[in-house]
Structure formats: structure tokens, C-alpha cells
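Please keep the sequence and the structure in view while reading.

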Amino acid sequence: MYRSKQYTEWIESCRQQLENIEPPYIDYPFAIEIIVGRPSKRRMDIDNRAKAIMDLLEHADIITDDCLAHHITMFWSNDIEGCQVTITKAAV
């Protein structure tokens with residue numbers, strides 16, 4: 001997959017913001033809930049956001065590999081800006 005300069009800059013910016021927290025180290029099957037703030041009235045596919053967020057979590061060393069995602073729940077919200085991510089251990 002080709003990653004544009006804008007995309008790689010976004011990943012780096014987010015990674016820098018996450019440096020101030022003590023990230024978990026998730027190397028086991030997990031469940032993830034992603035709530036995405038709707039950025040505009042434009043029609044946008046929510047599933048495109050999932051890959052970007054999973055890439056970010058890997059680059060920030062929060063998850064070791066996105067293939068460990070057992071299930072993903074994702075939805076739009078008009079009540080937040082950006083996104084909110086909750087990760088729990090998957091019951092497999």
C-alpha cells in the first residue's frame with residue numbers, strides 16, 4: 001500500500017501526541033471499539049478510518065500486529081472530534 005506524505009505525517013503527529021501516555025503493550029487477541037467523529041457533511045466511508053487507526057496503534061507500539069484484532073466495532077458520532085478507541089482483551 002502506498003502511504004502519502006500527508007498520511008505518514010498524520011501517523012507521526014499522532015504518535016508524538018501518544019508519547020505522553022504509558023501505552024499498554026497488546027500482543028494478544030483483542031476487541032476494539034472505534035468511535036469516529038464525523039468530520040463534515042461529505043459522504044465518507046467509515047471503514048477507511050479503521051486501517052489508519054490500526055496502523056497508528058502499531059506504529060505507536062500499542063498493538064504488536066493488527067491481525068490480532070478478534071473483532072472490531074466502529075461507528076460515527078456527532079458528539080466527538082477525532083476518534084475514541086477502546087481496546088479490551090478478546091474472549092476467544
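Two residues are said to be in contact when heavy atoms of theirs lie within 4.5 Å. The model discussed here is a predicted one, and in it D66 is found in the loop that runs between α2 and β2, the latter spanning 69-77. When neighbours within four places in sequence are left aside, D66 is in contact with K51, M54, D55 and E58. With K51 there is also a polar contact, in which the side chains of D66 and K51 are joined at 3.0 Å.

One of the contact partners of D66 is D55, whose own place is in helix α2. D55 counts as buried, because its relative accessibility is 4% and the term covers residues under 20%. The side chain of D55 takes part in a polar contact as well, and its partner there is the side chain of Y7, at 2.7 Å.

## The largest pocket

How is the lining of the largest pocket divided by class? It has 16 nonpolar, 6 polar and 2 charged residues, and the pocket that they surround has a volume of about 800 Å³. Of the 24 lining residues, those closest to the centre of the pocket are W10, C14, A52, I53 and C83.

Several elements contribute to this lining, and at least two residues each come from α1 (5-18), β1 (30-37), α2 (47-59) and β3 (83-89).

## Cysteines

How many disulfides does the structure hold? The number is 0. For C14, the nearest cysteine sulfur is that of C83, at a distance of 7.5 Å, and C14 is in no disulfide because a pair of cysteine sulfur atoms would have to lie within 2.5 Å to be counted as one. C14 and C83 are both among the residues closest to the centre of the largest pocket.

Is C14 buried or exposed? C14 has a relative accessible area of 15% and is therefore buried, whereas C67, at 58% relative accessibility, counts as exposed, the cut-off for that term being over 50%.

## Two loops

I26 has its place in the loop between α1 and β1, and with a relative accessible area of 3% I26 is buried. Apart from neighbours within four places in sequence, the residues in contact with I26 are I62, I63, T64, L68 and I87. From I26 to I53 the separation is 27 residues in sequence and 15 Å in space, taken from C-alpha to C-alpha; I53 is one of the residues closest to the centre of the largest pocket.

D61, like D66, belongs to the loop between α2 and β2. D61 is exposed, with a relative accessible area of 52%, and although D61 is not a glycine, its phi is positive, at about 60°.

Within helix α2 lies A50, which is buried, its relative accessible area being 14%. A50 and M74 are 24 residues apart in sequence, while the distance in space between their C-alpha atoms is 7.9 Å.

The segment after β3 holds A90 and also A91. Are these residues buried or exposed? A90, at 11% relative accessibility, counts as buried, whereas A91 is exposed, with a relative accessible area of 76%. Leaving aside neighbours within four places in sequence, A90 is in contact with P29, F30, A31 and H70. A90 and H70 are 20 residues apart in sequence, and their C-alpha atoms are 6.3 Å apart in space.

Note on methods
Residues numbered from 1 in each chain as written. Predicted model: local features only at pLDDT ≥ 70, side-chain atom pairs only at ≥ 80, totals over all residues. Heavy atoms only, no water. Buried < 20%, exposed > 50% of the residue type's maximum accessible area, 1.4 Å probe, protein only. 1 Å grid on protein atoms, 1.4 Å probe; cavity = no way out; pocket = protein on both sides within 12 Å on 5 of 7 lines; lining within 4 Å. Points joined across faces, edges and corners; volume = space filled by probe spheres on them. Helix = DSSP H or I, 4+ residues; strand = E, 2+ residues; numbered from the N terminus. Nonpolar A, V, L, I, M, F, W, Y, C, P; charged D, E, K, R; others polar. Polar contact = N/O pair within 3.5 Å; in protein donor to acceptor, adjacent residues only side chain to side chain.
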